[in-house]
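Hi everyone, thanks for coming. Please put the structure up on your screens, and we will walk through it together.

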Amino acid sequence: MDLDEQNQHNTIADLSSSYPAHSTLISHLQTFLTTYPPPFIYITDTFTPRTTSTVLKSLLSSLHSQSLQPHGPTTPLPRIAHAWVNAVATFNSRIFFDTVLNDLVGWEPKWEDGCENWAPEGSGGGAGGMRYNENLDTFLHGLRAVYSHLEVQEKVEEPSAFKAKGRGRGRGRGTGKGKGKEKVEETKGGKRDVRMVVVVEKAERLREALPDLVVPLTRLAELSRTPITVILLSSVRWEDIKPPLGASSEPYYFDVPPPNRDSTIRVLTAHNPNPLYSHFISTLYSVCSPFTTDPDELQYIAASRWPAFVQAILSEFVDDDGGQPLNIDDIQVPEETRIRWLRQFTPTFTSALDVLYPRIKSATDLARPSPDDHSVDEGEDKKSISQLPRMQKFILVAAFLASTNPAKSDMRMFARGKDERKRRRRKSVNATPKKGGGAVKIPQRLLGPIPFPLDRLVAILGCLLLENDPPPPERAADFEHESEYTEVEVNRVAVMSSITSLTASHLLQRTSPPDRLDGPPMYRCGVGYEIALELSRDVGIILGDLLWEA
Amino acid sequence: MSLDAVLNDANQTAVYIPFEAPGDDNEDDSRPELSNPPYEDRDLPDGFNLRLESYRAAWQKCLVRIQSILHALHSPLASEIVHEVDDAYFNVLPDLPYPEIPTIAVYCPPGGSSLLNDVTRVLDPSRNRRDGDDMDVDAESDDEHRRHAFIGHLYPPECSSITSTMKSLVTQFVDRSPDGLDEQIKRKPSTSLANFDINLVEAWWRAVKNAHAGQIPPQLAIILHDFEQFDPSIIQDLMYILSLHISRLPFILILSLSSPPTPSYLHATYPRSTLALLRIRNFIVPSGPRILEEVFLKTFFDLEFEPDVMIGPSTIEHIAEYFFRFNPSLDAVLTILQLTYLKHFDEPLAVFIHDSLLGTPSLDEAYTKLAQPSSLKFLESLLARHSHTPPSPPLPTPSKSPTKSKSRSPPLTLHASANEWAAQTIPSLLTSLDSYRETFKSRARDVRIGFAVFRVVRGFLLELGYKLDIGKGKERVGFEFESEMMIKALRGRFGREGRALSGIVQNLPSDHLDSLLASLSKFFESLAPHIYEKEKPAIEQVAAWVSSLSCESGPSSAPTITGEFSEWLSAYLEEHIRNLEDCKLCDVWYTGSTPFPFELINPAPRISIISALLHPDDYLDELDPTAASSTNGAVNGVNTAQNERPQPELPDTTLLFKRYSEGGKMINVFDWFESFALELENRKEQTNGKSKANGVTLVEYASAEEVQTDVEIEEEEGEKWRMGVQARFIRALHELDYLGFIKHTNRKPDHILKTVFDLAG
């Protein structure tokens with residue numbers, strides 16, 4: 001076997017061994033792409049799409065560089081040119097076309113040339129050439145141009161000795177760009193296969209961003225009459241994004257299996273060969289795997305804890321060595337020390353998972369807490385919400401009540417009779433299921449806030465203010481009755497602007513579109529029970545008494 | 001007519017119909033002038049403009065001061081943010097699964113903050129230099145040590161789709177020349193990369209890196225203003241696209257959030273997959289009462305700054321209330337302060353705020369100006385106020401002003417001997433104004449010094465854990481307490497506080513006394529020279545105590561010194577903190593207890609509308625009688641002004657609203673119309689003096705048979721009248737609908753729902 005080929009196989013074998021869960025995919029694709037690939041491949045990976053895309057990228061670039069290597073005449077490998085597009089980033093067909101064509105020929109637009117797209121030399125080089133990004137038709141022309149360019153490049157970019165003799169087949173086309181392709185071998189008979197591969201990552205987004213392009217993409221080879229393979233990589237199944245009416249051709253399916261423990265650990269330990277690290281990762285995996293098995297998340301947590309772990313282990317060795325800082329790779333950590341420290345660190349994995357998985361803190365902040373840490377801590381939390389002005393606190397409590405209590409209960413909860421205090425009747429909430437086996441009623445608080453109209457909010461606010469916010473004596477004198485003062489107070493501009501500013505900061509959520517003029521605007525409370533309780537305590541409201549289902 | 005042409009034009013989507021008052025042929029003449037400045041009768045001829053100029057100067061001085069205070073308060077945080085941007089790509093945690101986008105979430109409370117401007121100015125000095133904005137000296141001095149950043153701004157209105165967002169972002173970066181020269185490379189729009197393609201930024205960035213070969217290239221910071229207003233789905237895509245390029249393009253996101261840090265808007269709105277792309281660090285802009293306290297103390301109670309207009313206790317009270325109750329933003333406070341200033345300059349005498357020159361170059365000319373007949377009223381009021389002994393009402397009118405001290409110059413006799421009088425008294429009047437100004441300033445300074453001493457002693461005692469029984473609230477710190485103290489100080493009612501302090505001081509142990517005296521003398525040392533001179537006796541006294549304590553250091557002398565000091569402190573505070581309104585003509589420099597026009601800032605429009613509809617007389621009487629009836633609109637054919645209005649003619653809308661307020665939850669529109677028509681019919685009969693039976697019902701009126709029995713002319717008139725009534729009803733109904741009193745329902749035909757109940761009559 002040729003040396004280079006062996007190297008290549010080694011690289012791909014390395015890739016397979018680094019990503020055991022993807023080994024089938026790797027070997028299949030390698031075989032396909034180096035022989036006769038199907039025109040349309042669909043890869044579904046629900047679990048680790050990012051890893052799959054990394055694997056695919058490495059595979060394609062190894063195949064690409066492999067195809068550029070000179071090799072013996074017995075095993076002519078087809079030249080593999082590939083383009084990688086992300087359906088989120090290519091939100092416009094023009095970007096899609098530009099990216100695919102530039103990528104296939106390995107063209108890098110230069111600022112100095114005015115960021116020209118690739119164009120075949122014959123059409124005037126970069127400047128003034130054909131425009132391939134206008135529509136699908138021009139794109140197909142572009143693909144053909146790319147294909148013939150790649151073919152020609154094969155023939156022209158021969159070793160200089162051959163060039164000097166004029167052995168290249170001059171077909172009247174100009175010299176290719178030949179970016180970064182230093183070595184091109186001579187092929188027997190001048191013909192060598194070119195395979196073009198277009199990978200579309202996050203393919204499920206194509207349906208929204210470029211719906212007109214999905215069907216042509218599935219039939220790109222027959223439309224462009226070039227050996228092109230389109231690989232769609234997605235986390236949803238083809239059935240869910242398939243265009244209707246059967247216009248698209250059927251893909252060759254690949255399903256990536258979920259990663260198992262061994263493969264995940266191998267992926268995670270790939271970049272750090274230290275045996276201590278693999279122990280660390282395997283402990284981390286066993287602690288965190290009930291919650292997440294995403295290699296990215298696990299590596300994120302590992303990145304935040306590993307420096308502290310190393311520091312802790314090193315601290316034992318520093319003393320012995322007279323205070324010299326050590327590299328963890330240089331020392332042999334006894335098993336006892338390792339186990340002891342891993343046991344000590346186990347609880348921190350869980351707490352790190354709690355904080356890092358929802359990204360309440362970043363791994364960097366967790367790994368290196370600085371004295372002037374600006375991340376939000378508990379005290380700051382409370383402070384920020386209690387710094388709201390008094391009226392906004394009242395509004396938020398009123399909004400919480402309006403979102404939690406059913407509208408029909410308002411009369412009973414808030415109406416005040418002529419005499420001192422009304423009788424509040426609250427439905428007793430006992431979770432005992434009815435005899436007939438009917439469903440247990442779930443409290444509204446657990447079901448999420450219900451939307452309410454502005455009028456209702458203002459009315460509840462009025463009741464709250466009337467009972468908990470006595471008017472200042474100098475102003476109360478202007479009114480006969482306290483309720484008149486409150487009536488004026490809740491309809492002031494400042495109250496309305498407070499509602500708007502709360503909406504702007506999403507503590508209240510407006511559910512009706514802002515341009516709808518008919519009817520009162522609808523809102524929904526954006527704060528939870530704990531915060532509402534906190535706020536009501538601040539303004540002296542007993543929240544429990546006002547909740548329909550306490 | 002052009003309006004008709006426009007109305008008939010099918011292509012017009014919106015037509016502006018200008019208001020035309022009925023019978024308003026003389027254009028603007030009949031309209032009441034609303035822009036007349038108050039107290040015009042006793043103003044100088046050019047007083048308004050003079051005062052406006054003085055206002056501008058005074059407000060500018062105050063505003064610049066406040067802004068510089070805010071700038072000083074924000075600058076530490078701004079420099080931290082700048083530092084964070086600088087270090088965003090240094091010292092990144094190793095072994096992360098993928099590079100994250102450094103994200104800085106700046107929580108600045110609503111009302112805006114100049115903080116991000118400061119950050120931008122420091123990070124991107126080249127852009128600011130181009131804008132001619134080179135205020136920041138720090139930015140220039142630190143240039144050498146700092147990585148610069150190219151800053152792109154994204155605003156919610158221009159980010160309605162991902163394409164427009166990317167276009168805005170990409171063009172902002174690539175419009176800058178990579179090498180700092182202003183040469184722009186021409187791109188062919190069709191055959192080169194699209195201007196919303198991030199690959200364009202990448203190509204540009206390679207050029208930037210080449211241009212900065214050997215140096216650290218700048219970073220690419222993107223500021224997302226009003227972050228809550230962006231469409232989350234677009235921002236998710238944006239962040240995803242940025243993260244795809246983050247290994248090649250050093251992006252840094254700066255999010256400007258107005259929501260509180262908890263509950264976090266970011267975490268509540270964006271999915272984990274997006275948050276996982278970011279490395280978020282939070283920065284919270286200082287805000288709230290502490291900042292307000294700082295601003296007030298350093299603007300109105302600072303020993304080195306003297307505002308032209310001192311605000312009075314009632315304004316402080318209102319600001320504190322508005323701040324705590326409604327809007328804790330400094331912008332609102334600034335608005336209130338500005339309004340207070342504006343209102344202060346309504347007073348004609350405020351023209352003397354800076355000098356007595358009345359806009360003339362010299363005093364002589366000012367005399368002449370004041371002696372002019374047109375200035376007579378102004379002079380009268382000035383004399384009246386001059387002769388008036390304090391305490392004075394905040395804004396006295398000339399008619400009320402008593403003349404005690406100068407009985408020889410009552411305002412009314414002034415006309416007779418104006419010339420003679422002027423020659424003798426005006427010069428002295430103007431010079432005495434100068435002395436009043438000085439007196440006021442010195443008194444205000446006294447109050448500030450007294451207040452500062454009070455704060456020094458109080459702060460010292462609080463630090464030692466003493467409990468001070470002053471103030472209403474439980475908290476002895478914070479703006480609520482400080483504002484209460486400020487109000488008391490300005491009113492000169494500081495006796496209780498002074499006594500409370502001296503009471504505690506009296507029982508201080510000698511070592512505490514020593515350090516208290518030391519901190520007091522330190523405070524006095526830091527005074528500006530002119531104040532230092534004035535306070536020399538107090539300073540010497542304190543210095544004497546300090547030296548005697550340190551010399552003898554015996555326990556025997558300490559109690560006597562404590563006693564002396566406590567008495568001195570009480571007397572000192574009493575002497576310094578006196579009511580500023582006792583000064584003569586204080587309302588030129590002091591807003592005093594003038595009530596703040598709170599309704600201007602925080603009106604209750606709905607209640608006002610209801611009360612106007614229920615009691616239109618209160619509102620209409622203030623206007624011209626013809627203008628009053630004009631609210632009925634053009635269709636009202638019988639709106640002739642009635643000189644005797646025993647039963648004032650109510651506008652149609654009011655009439656309709658009266659029936660509305662009497663109705664139940666739902667109103668039958670036909671019944672409503674009937675009663676409205678009846679009312680109009682009655683009124684018409686009263687006006688015409690016809691002796692028809694009173695109880696004509698609309699059924700009778702509306703039935704066609706009876707109308708036909710009448711003579712033909714009456715029939716025609718009746719028809720016309722009926723049409724008119726219907727038109728007026730519909731108009732009034734729509735007005736109520738427009739004002740939000742009507743809710744349409746499909747549940748019952750011909751019925752509408754009321755929106756307002758229990759209307760107090």
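This is a predicted model: local features need pLDDT of at least 70, side-chain atom pairs count only at pLDDT 80 or more; totals for chains, interfaces and linings use all residues.

Let's begin with chain A. Chain A is built with 25 helices and eight strands. It has 550 residues, and 36% of them count as buried. If we take the contacts in chain A between residues at least 6 apart in sequence, 71% join residues at least 24 apart.

How is chain A divided into domains? The assignment gives domain 1 as 32-46 + 77-255, domain 2 as 261-375, and domain 3 as 382-417 + 442-546. Between the C-alpha centres of domain 2 and domain 3 of chain A, the distance is 48 Å.

Now for the place where the chains meet. Chain A brings 58 residues to the contact, and chain B brings 64. Several elements of chain B each supply at least two residues to the side that touches chain A, including α6 (162-174), α8 (232-245), β5 (278-284) and α24 (605-614). Which element of chain B gives the most to that side? That is α7(B), with seven residues. Sorted by class, the side of chain B that touches chain A holds 37 nonpolar, 14 polar and 13 charged residues.

Next, the cores. The largest nonpolar core contains 150 residues. Among those with the most contacts inside it are Leu284(A) and Ile301(A), along with Val106(B), Ala221(B) and Ile222(B). Have a look at Ile222(B) on your screen: leaving out residues up to four places away in sequence, Ile222(B) touches Gly152(B), Leu154(B), Leu169(B), Phe251(B), Leu253(B) and Ile254(B). There is also a second, separate core of 117 residues, and it includes Val527(A), Trp59(B), Ile336(B) and Phe479(B).

Last, how far can we trust chain B? Its average pLDDT is 78, and 79% of its residues score at least 70. Where in chain B is confidence lowest, and where is it highest? Helix α5 of chain B, residues 137-141, has the lowest mean, 43, while α8(B) has the highest, 93. Residues 390-418 of chain B stay under 50, and the model gives them 42 contacts beyond four places in sequence. Residues 690-702 of chain B are also below 50, with eleven contacts beyond near neighbours in sequence.

Notes
Residues are numbered from 1 along each chain as its sequence is written. Chains are lettered from A and ligands numbered from 1 in the order in which they are written. A nonpolar core is a set of buried Ala, Val, Leu, Ile, Met, Phe, Trp, Tyr and Cys residues joined through C-beta atoms within 7 Å. A residue is buried if 20 or more other C-beta atoms lie within 10 Å of its own, exposed if 12 or fewer, and partly exposed in between; C-beta atoms are placed from the backbone. Two residues are in contact if their C-beta atoms, placed from the backbone, lie within 7 Å. Helices (H or I, at least four residues) and strands (E, at least two) are DSSP runs, numbered from the N terminus. Ala, Val, Leu, Ile, Met, Phe, Trp, Tyr, Cys and Pro count as nonpolar, Asp, Glu, Lys and Arg as charged, and the others, Gly among them, as polar. Domain bounds come from an automatic or database domain assignment. pLDDT is the predictor's confidence in each residue, from 0 to 100.
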